[in-house]
Amino acid sequence: MFNPFKKIQNFASTLKRHRSAPLHLEFVVSDYCNLNCKGCTHYSPLAPKEFESLEQLERNAAHLGRISSGGKDLDSVYIIGGEPLLYPGLPQAMNILRQHFPNCRILLFTNGLALPRMTEDFWASAHENNITAAITRYPVKFDYDAAIKLCEDKGVACEVFGDRTLKDSFFRFGLDPTKSQNRHLSHFKCYNYGCISVIGDRIYPCSISGCAGHLNKAAGNIFTHEAGDYLEVEEVKSLKQIKRLRDRPVPFCAYCKMPPDTVPYGPSKRDISEWIDK
Ligand code: SF4
Ligand code: SF4
């Protein structure tokens, strides 16, 4: 039987959970990837082999480190892609982030495939900067247990963050090109809630919005950003502004159909229908 009080209660508790969630920042170093997953939320199958410059990363880290007391007021900082192990400046990037965020956890999100080929520079930097390798398992032929053991042998903390080999663990976020979704509802039900993405000199509430440029290149500039969709890093004065960006719907949310569909894992055909609904 429909119970309106239960619904109000659920609404209030979800809102409370969202608003009180600790803040983390995701530094996107590249959307290029060595896997090619259908419906990737960074649109990696469409992304060129391009990387964030270390100068931009340092500017962003210095500013955001300053306003977060070196990360003390954050839960954690992520280095994310695409596949960040392909980032040529990764050892320096880890040094930079640890220098500006000495007071929080730093996690390196990876599918792990390139770990066996990483250089000693990489391992030394990850160890010295106390970086945690956060591995997501994918249903591909790769010895994840050996990769986890390798991290242990190199003195690098490692955790399996996600397991995409499990049934119902892959999603398709179909965007509505007419931008006619209820943005409040989409934001309330958002599966990417809290994935604050630092990309170039901007901060977006999620990769779905922040990385939409790859989709626009493939589909012909369908998706636009408006004032309120992002913050300019250098103009952010306090973490409250970032929290507000996370906790309130932005105009881009009207493109998002939530909840996403659960789909079987598979390779991308680089067809825009993987991301855009008719
Ligand atoms: S491994 Fe992750 S980033 Fe790479 S294509 Fe797959 S979902 Fe995207
Ligand atoms: S645009 Fe809004 S609803 Fe869509 S994924 Fe980002 S935060 Fe969630």
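Reader: What is the order of the strands in the open sheet, and what pairing does the sheet have?

Author: Strands of a sheet pair through backbone hydrogen bonds, either parallel or antiparallel. Here 8 strands form an open sheet in the order S5-S4-S3-S2-S1-S7-S8-S9, with mixed pairing. Strands (E, at least two residues) and helices (H or I, at least four) are DSSP runs numbered from the N terminus, and two strands pair if DSSP finds at least two bridges between them. At the edges, S5 (158-163) and S9 (231-232) each pair on one side only.

One caution: this is a predicted model, in which local features need pLDDT of at least 70 and side-chain atom pairs count only at pLDDT 80 or more, while totals for chains, interfaces and linings use all residues. Residues are numbered from 1 along each chain as its sequence is written, and chains are lettered from A and ligands numbered from 1 in the order in which they are written.

Reader: How many bridges join S8 to S9?

Author: There are 2, and S8 (202-204) runs antiparallel to S9. Ile203 stands opposite Leu231 in S9. On the sheet packs helix H5 (144-153), which touches S4 and S5; its direction makes about 175 degrees with that of S4. Contact needs C-beta atoms, placed from the backbone, within 7 Å; axes are lines fitted to C-alpha atoms, for helices over the stretch in contact, and angles run from 0 to 180 degrees between N-to-C directions.

Reader: Where is Val156, and is it buried or exposed?

Author: Val156 sits in the loop between H5 and S5. Buried takes 20 or more other C-beta atoms within 10 Å of a residue's own, exposed 12 or fewer, partly exposed in between, with C-beta atoms placed from the backbone. Val156 has 22 such neighbours, so it counts as buried. Beyond four places in sequence, Val156 touches Trp123, Ala126, His127, Ile131, Ala133 and Cys151.

Reader: Why is helix H3 largely enclosed?

Author: Of the 11 residues of H3 (90-100), 8 are buried, so the rest of the structure largely encloses this helix. Among the buried ones are Met94, Ile96, Leu97 and Arg98. The buried residues of H3 pack against elements including S1 (24-28), H2 (54-67) and H4 (120-128).

How values were computed. Contact = placed C-beta atoms within 7 Å.
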